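User: I am new to reading protein models and would like to learn how to describe one carefully. Could we go through it feature by feature?

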Amino acid sequence: MGLELKMPDLGNLTESAQPLECRVALISADRQLAGDWVNALNATAAQHENPFGLCFEAVTPAGVERLVQEEDNLQALIVDGGCDAQSLEAADELADRIHGLRSQLNIFLVAHGSLAGAGTAPQAAPSAQSLANLRQRFDELFDRREGNFNHMFRLVQAFIARRASTPFADTLKEYVFSARDAWHTPGHSGGDSLRNSPWVGDFYRFMGEHVFNTDLSVSVQVLDSLLEPHSVIQEAQDLAAQAFGARHTFFLTNGTSTANKVVIQQILGGGGKIIVDQACHKSVHHAIVMNRCEPVYLKSVLHPEFGIYGPVKRSDIEQALDEHSDARLLVITSCTYDGLRYDLKPIIDYAHERGVKVLVDEAWFAHGYFHPELRPTALECGADYVTQSTHKMLSAFSQASMIHVQDPDFDEFRFRENLNMHASTSPQYAMIASLDVARKQMAMEGYSRLKQCLQMVDTLRRAVDETGVFRALTRDDLIAEPLANDNIRLDPTKVTIDISASGYSGKEMQIKLFDQYGIQVEKTTYNTVTVLVTLGSTESKLLRLIHALKQLARNTRKRGHIASARKLPEFTHFNCLPADAYFAETEELPLMDNGVEATRNLVGRTCADEIVPYPPGIPVLVPGQEISTQIVQFLQQLLQGQNTTEIHGLIFRSDEPMLRVVKEDAPQASPKKAAGKKSGR
C-alpha cells in the first residue's frame, strides 16, 4: 500500500542477455470476466512502455497451484475476490497457499469495494480480522467495478519494478560512470596509482578497472553510510527484509562471523547465560569470551560411519532450557555444513515459552526461503535473529552477509551501536552492491534458479549411484540413530558422496579430483566428499563432475587401511568463565613432550584458548575448560603420523606444539564456574 510509482531504469534492462518476460495471471472462476480483463490488460500493455514484458493470462482457481509451480516467468497474480464475503475469504486462503509455494510473487486482490471495508452491510461484511489479513496478504486492492485497466497495469508494473530494483547498486554504477575526480580515500584513487605502473600495472589489468573504481569511501555521500544508513543502503536493506521475510535486515561486509558476534552482544553484552551447540561456528565461541558469557554447551551427535557431526538432540535442547531457567539466548546452527536442518518450530516455541531468545545461524541456508522444498526457514519458524552468509550459496561476494531480525523486543538504536562496534568504518562498496544484486536475483528468479539446482541434484545423485562404487548419501543415511525421531531434514543442495568402496580416503579423492580433473570439492571426511550445487552450478560443470566420478569408479584400488571417524573426547567441566581464562595470566606447556610427561603436566589444568581440529571444526577445548587425559591423548594422536590434522589454537615454539593454560597461582576474576550439564555438555 502507498507504493511510490517509479519507472524502471531502462538502461539497465537493455543490457540483459535476453528480453524479459513477466507473466501475470488473473485468477477467477468467472471465465467471462477473466477473459474480458485479460484482453483489456494485454491491450493496455501493448500501448504503454513495457520494459519487463508484462503479459496477462487467465487461470481458474483450480489450476493456479500448478501454474505457480511450473511457470518460471510468473511474477504476479491478480486474484478475483468476487462479490461476497465467502469468496473474499476464499481468495485470502488461496493467497496463503500461493505464498507457501512462492514467497516472492506479487499478489493483488480484485473485490467489490464495499467488501474491502467501505460501507459494507453488516450481514455481508467479513470479520475485522479477515480485513486486516487482506491488507497484509495482498500488495494492492482493486475495486471490481472500476475497470481502470491503465491504472491496474501501471500498479502491477510498479510493484514488479520495485522488487527488481537495486537502489544501492544502481547508485554506485551511476557514480562510477559520472567519472568524478577523486581527492579522497582510498589511496589508489580508482586504480590510478596502479594503472600505468611498470611494477603493478599487471595487477590492475588482471583485476579490471571496475574493481578499483567501485572501491570508494564514506566521503561519497550519495552512496549513503553503512553504519548510519538513511537513503540507498537503507532502501536496499528494506527490500532485503521484504525478500527474506524479516522485520529488519542489516548488511555486513565482514561475514557471518561478525553477524553472530553482533547478535550475541545485543542479547548478552556484559554477561549472561547462553545455551549453544558445541559444534557451532567458532565466532559464537569467540563472542562468548568477548561478552563474558556463561555457556551451556550441548553435545552434537556424531554419525559414526561417516564422521559427520549433526544437530543436537531435541530432548537435550529442551532439557537444557528446563535446567537453566536463567538462560537468555539459545544458539542453533541450521542447516549444518553437511545440510542437516532442525525441525525448528517446536524448539523455538519451547524456548520462547521460557523467555529465551533464539539465534539461528543460517550461514549455509540463505536460499531456503525461495523454494517450497526448502521451507520453512528459521524466520518462518519464529527465530528472533537469523544470520546468513549471502555469499555461500547465493551470488554475493565473499564476506557479504545479512542479519535478519524479528525480535518483538528489538531495540534498533542499541543494535546499531553494537553493529558499529564490530563493523569497519571503511566498508567495501562492491560488497554492499553484491548484497543488493543477490537479493534482486532471488526476488525475481530465485524459485526458477533453485528448481534448476534441484534438478541438477537429482541428476548428480542418480549418476553417482550408477557408478556402483560411489553412493550419494540420503537423508536417512546421514541422520544418526539418536536423531531418528527429531524430524531432521536435509538440504539437498549439499551432496555428500560415500567413497568407501573406492579404497581411497576422502583427502586422496579430493586430490585426485583436483589434480586429474580440475574439480575442487567443498569438504571431505575420512570416507566422504561433499559438493555444493549452487546458483553458479552449470550443466557443463555437472557433466565434467559426473565424467570424473565415472572414470575414478573404474580405477578403484584394493581397499587399504582407511582411518575411521575419531569421536571427540567428552567435554569436561569449566573451572571458570571462558573470558576469565582467556584474559588470565597464563603459561605455555608442551603437548607432545615425552607423551606421558606432557599428559601429567596438562591434566587438570585450565585451558586458556579454543582448540579446534579441522575437520570437523568442533572445539575439543574452549577457554575455562579443564583438560582431561582423554583430551590430551586425542590431540597427541591427531599430531602423530604422516597425515596430521590441522588444529587451530595451538601455539608452536620451534615447531613444538604448546597449549596455553591458566597459571595455577593466577587470581580468578570470577570463581563462579560456567554452566554445564553433568553429562559434560
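**Reading the chain, feature by feature**

Analyst: Among contacts in the protein chain (heavy atoms within 4.5 Å) between residues at least 6 apart in sequence, 76% join residues at least 24 apart. This is a predicted model, in which local features need pLDDT of at least 70 and side-chain atom pairs count only at pLDDT 80 or more, while totals for chains, interfaces and linings use all residues. Residues are numbered from 1 along each chain as its sequence is written, and side-chain values use heavy atoms, with hydrogens and water left out.

User: How many helices and strands does the protein chain have, and what share of its residues is buried?

Analyst: Helices (H or I, at least four residues) and strands (E, at least two) are DSSP runs, numbered from the N terminus, and the protein chain has 24 helices and 25 strands. A residue is called buried under 20% relative accessible area, exposed over 50%, and partly exposed in between, with a 1.4 Å probe and protein chains only; buried residues make up 56% of the 681 residues here.

User: How do I read the packing of helix H7 against helix H11?

Analyst: Two packed helices are described by the angle between their axes and the distance between the axes. The axes are lines fitted to C-alpha atoms, for helices over the stretch in contact, and angles run from 0 to 180 degrees between N-to-C directions. Helix H7 (residues 167–177) and helix H11 (residues 232–244) pack at about 145°, with their axes 7 Å apart. On the H7 side the contact is made by Pro167, Phe168 and Thr171, and on the H11 side by Val232, Ile233, Glu235, Ala236 and Leu239.

User: Which residues make the nonpolar surface patch?

Analyst: Patches are made of residues with over 30% relative accessible area and no salt bridge, where like charges are joined within 9 Å and nonpolar side chains (Val, Leu, Ile, Met, Phe, Trp, Tyr) within 5 Å. Here Trp199, Val200, Phe203, Phe206, Met207 and Val211 make a nonpolar patch of about 680 Å², an area that comes from the Shrake-Rupley method with a 1.4 Å probe, where for residues only the protein chains shown count as cover. Helix H9 (residues 201–207) gives the largest share, 3 residues, whereas Val211 is found in helix H10 (residues 209–213) and is partly exposed at 38%.

User: What should I look for in a salt bridge?

Analyst: A salt bridge is a side-chain nitrogen of Lys or Arg within 4 Å of a carboxyl oxygen of Asp or Glu, and by this rule the count comes to 31 salt bridges. Glu380 and Arg375 meet in one of them, at 2.6 Å from N to O; Glu380 is partly exposed because its relative accessibility is 33%, while Arg375 is buried at 11%. Glu445 and Arg449 meet at 3.4 Å, N to O, and both lie in helix H18 (residues 429–466), 4 residues apart, about one turn of the helix. Arg23, Glu57 and Glu71 are linked in a network of salt bridges.

User: Which backbone details deserve a careful look?

Analyst: Look at the peptide bond from Arg375 to Pro376, which is cis with omega near 5°; Pro376 lies in the loop between strand E13 (357–361) and strand E14 (385–388). Another cis peptide bond joins Ser334 and Cys335, with omega about 5°. Look also at Arg292, which has a positive phi of about 55° although it is not a glycine, and which is partly exposed with a relative accessible area of 35%.
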